[in-house]
Amino acid sequence: MANDSLFRIQIIDESSPYLQAVIKLGKAHKKRVGFLPDGAFRSYAQRRAILVALDEDGSCAGYILYRRSRGRLIIVHLCVSKSHERRGIARSLVNHLSEIKGDSIGIGIWCRRDYGLSGLWSDLGFVVYDHKKGRSHEGKLLEFWWKDVPNASLFSAVESICPEPRIAVVLDASVFFDLRAPESENTQESKALMSDWLHDLNLCLTHELRNEINRNMNADRRKSHLVFANKFHLISSDQREFEKAYDSLKKIFPAKTSAQDKSDLRQLAWTIASSDAQFFVTRDRWMIENAGEISREFGISVMRPSDLIVKLDEIERASEYQPGRFSGTAMTMRRVRSGEEHTIADTFLSYASGERKPYFLQRIGGILAQPRKHSCCLILDSNRNQLALLAYNWNHGKILEVPLLRIVDTGLSNILASHLTLLLLRAASKEGRVLTVVSDPHLGDPVLSAMQRDGFTQVLDGWAKPCLRMAESANIIAEVLHKLSEELGGNYPHFGSIASAIQDKAFPDRAADVIRLERLLWPLKVTDAKVNCFIIPIQPRWAQELVDQRLAAQTLFGADIELTFNREGVYYRSARPGGGLEPGRVLWYVTKNKKYRESACIRACSHIEEVAVGKPKDLYRRFRRLGVYQWKNVLEVAKKKASNDIMAVRFTDTQWLDRPIPWAKIQGILRSEGCPSTLQSPHPIPKEVFAEIYKLGGVSDE
């Protein structure tokens, strides 16, 4: 094998003279690495996400193209020219990628098993973690390979490295039939969606596609198309919502009267009526041309297959959390009542995993028979239909065990799973538990995906996530974690690993690691950390929508309570003065209003994830998925001028303080520390002031 030094690794951008060589090499190997449109190559180059290996003559010998996905580097293409094989280029590229990891915890790649590359991945330091059936006609097995990168994260030992949850994308008839057609210039774009590296896309179809298939006069082709259609997920949609969406689309597009046009509109209407997909892929020109209007009216993104691939990173972020799709959805939680066991079993029995009804009845019966030890509840929709089931075991001291966590397969499954995992963590924190363990052996995919996103990791008895209800210095937190590690033993290694990671004296100075720790052990706060801290004034009417978590303060299993979708939020305000806002922590000051009790107080704390300044329409389109604000509200922030710049503050991890802190008390603290004591705009504060105010409010997570 040649010495690595013979090859020079270089990051390229869209202006690089090597970009065309990369595109040419990728197309030559498209049968193995998957087709990428030229626009996708250029997009990755613009993001500086292509590494090129140059030989001694300055020619492109190979390249690696990757994307960042939720703290992970995912290899899209790893390609070496045939004339340079077996010379260590793949190793050089992977090693270089490891060195420029940023804050990523490792590198992952999906690869077909029948390619016979297991030895290569093993030699490069990868370990196989998962496998799934691929999208090829033969359904070839795909394997997910993972490689830790050096010093990737202080907490990588307790961070999930499982493959990412899949993004639901609906294919229209034009794209579906492309997938069945012979290879050509016209079908290549659609066929790219079947590439193995796009396995995190869940390609879906609507009911209407069967009508499209039925129009084919050839019986053999009809049968073949139906068999192929069965390989895809069929989205579930409410009939009434479909009819409402279809009627609206007919008004927007009154000229679309042919049978084909009506069928296209019905496919789009089914997608709009579904709450588990917000991306509709088509090659129909008239739909693409009206994508902006469809997005504004219905919140559905219509795009070409090539645009879907190019914008995958943006799409992934938008799909993570979209409460705007469910604003106004009424749900309640109540205790399971005696005599409901059989009805509940019929709804939540896990047929897919082979669970037997007698076993389920015995399991839930044992839970209900010990009301002092367990709490068991149902989530219901507005029609009293059962949507979710969960049970807590409060009898494990510092551990909150969850022996049952089931969700019905509906359009709300993914977002409901996300909220229920957050509910578990809040319940654990409020009760002073340091670990939440979900021990249900029959968890569905939506729940597993949600737990992985929230940092649950697999342990011997299920899935576990630590939390710490305290606000102290890094040294004190490390001492507490070491003590917990000794008390809980080897089954839960989280605390010892984290304690060792934060004992470094320089840890409080590393803001990114501190925020990661606070997320990992939420609602923990490291009081001596050099993290940006702010106070932001917010009107009461927006505070109650965006940061008011008081519903969680009620007894979880007492009277019926309404569930709300406010895990993540965006707050719009004037761009000036902006107070130098940037990612960090924020204390929310609810401005004075006589109509609202306990206004003129600091009432909540959050993490600022992103601060964006731009035109109202651009920001509204970007953050519309987070709901609450309507277009008219955003325009009001811009003083009803669409040309004015405004600011959007995206935040997460909101905690409602136990004790609201009144204005007089806040003023006293600010003055004693030499800080300005007016709160007309966002206000940066020292970490010591943040710690004092935060502790005064308590460390609740309600």
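Me: How do α6 and α9 lie relative to each other, roughly parallel or roughly perpendicular?
Reply: Helices α6 and α9 are roughly perpendicular to each other. Please keep in mind that this is a predicted model.

Me: What is the angle, and how far apart are the axes?
Reply: Helix α6, residues 173-180, packs against helix α9, residues 219-229, at an angle of about 105 degrees. Their axes are 11 Å apart. An angle from 65 to 115 degrees counts as roughly perpendicular, so this pair is described that way.

Me: Which residues make the contact?
Reply: On the α6 side they are Phe 176, Phe 177, Leu 179 and Arg 180. On the α9 side they are Ser 224, His 225, Phe 228 and Ala 229.

Me: And what classes do the residues in that contact belong to?
Reply: The contact of α6 with α9 has 5 nonpolar residues, 2 polar ones and 1 charged one.

Me: Let us step back. How many helices and strands are there in the protein?
Reply: The protein has 27 helices and 28 strands. It has 702 residues, and 56% of them are buried. Among contacts with a separation of 6 or more, 71% are between residues 24 or more positions apart.

Me: How many residues does the largest nonpolar core have?
Reply: The largest nonpolar core has 71 residues. Ile 50, Tyr 63, Phe 126 and Leu 171 have the most contacts inside it.

Me: What is Phe 126 in contact with, leaving aside its neighbours within four places in sequence?
Reply: Phe 126 is in contact with Ile 75, Val 94, Ile 107, Ile 109, Trp 121, Trp 145, Trp 146 and Lys 147. A second, separate core has 30 residues, including Met 333, Ile 379, Leu 424 and Val 438.

Me: Where is Pro 523, and what kind of peptide bond joins it to Trp 522?
Reply: Pro 523 is in the loop between α22 and β21. A cis peptide bond joins Trp 522 and Pro 523, with omega at about 15 degrees.

Me: What about Gly 614, where is it and what does it touch?
Reply: Gly 614 is in strand β26 and counts as buried at 15% relative accessibility. Leaving aside its neighbours within four places in sequence, Gly 614 is in contact with Leu 619, Asn 644, Asp 645 and Ile 646. The C-alpha atoms of Gly 614 and Ala 575 are 8.5 Å apart, and these residues are 39 apart in sequence.

Me: Is Asp 284 buried or exposed?
Reply: Asp 284 is buried, with a relative accessible area of 17%. Its place is in the loop between β11 (279-281) and α12 (285-289). Leaving aside its neighbours within four places in sequence, Asp 284 is in contact with Asp 172, Ser 174 and Asp 264. Asp 172 is 112 residues from Asp 284 along the chain, and their C-alpha atoms are separated by 9.0 Å.

Me: Which residues of α3 are buried?
Reply: In helix α3, residues 38-46, the buried residues are Ala 40, Phe 41, Ser 43, Tyr 44 and Ala 45. They pack against several elements, among them β1 (8-12), α1 (19-28) and α14 (305-310). Just after α3, Arg 48 takes a positive phi of about 55 degrees.

Me: Last topic. How many disulfides are there?
Reply: The count comes to 0 disulfides. Cys 533, for instance, is in no disulfide, and the nearest cysteine sulfur, that of Cys 605, is 8.3 Å away. Cys 533 is buried, with a relative accessible area of 3%. Cys 204 also counts as buried, at 1% relative accessibility.

Conventions: Residues numbered from 1 in each chain as written. Predicted model: local features only at pLDDT ≥ 70, side-chain atom pairs only at ≥ 80, totals over all residues. Heavy atoms only, no water. Disulfide = S-S within 2.5 Å. Buried < 20%, exposed > 50% of the residue type's maximum accessible area, 1.4 Å probe, protein only. Axes fitted to C-alpha atoms, helices over the stretch in contact; angles between N-to-C directions. Helix = DSSP H or I, 4+ residues; strand = E, 2+ residues; numbered from the N terminus. Parallel < 35°, antiparallel > 145°, perpendicular 65-115°, else oblique. Contact = heavy atoms within 4.5 Å. Nonpolar A, V, L, I, M, F, W, Y, C, P; charged D, E, K, R; others polar. Core = buried A, V, L, I, M, F, W, Y, C linked by side-chain atoms within 4.5 Å.
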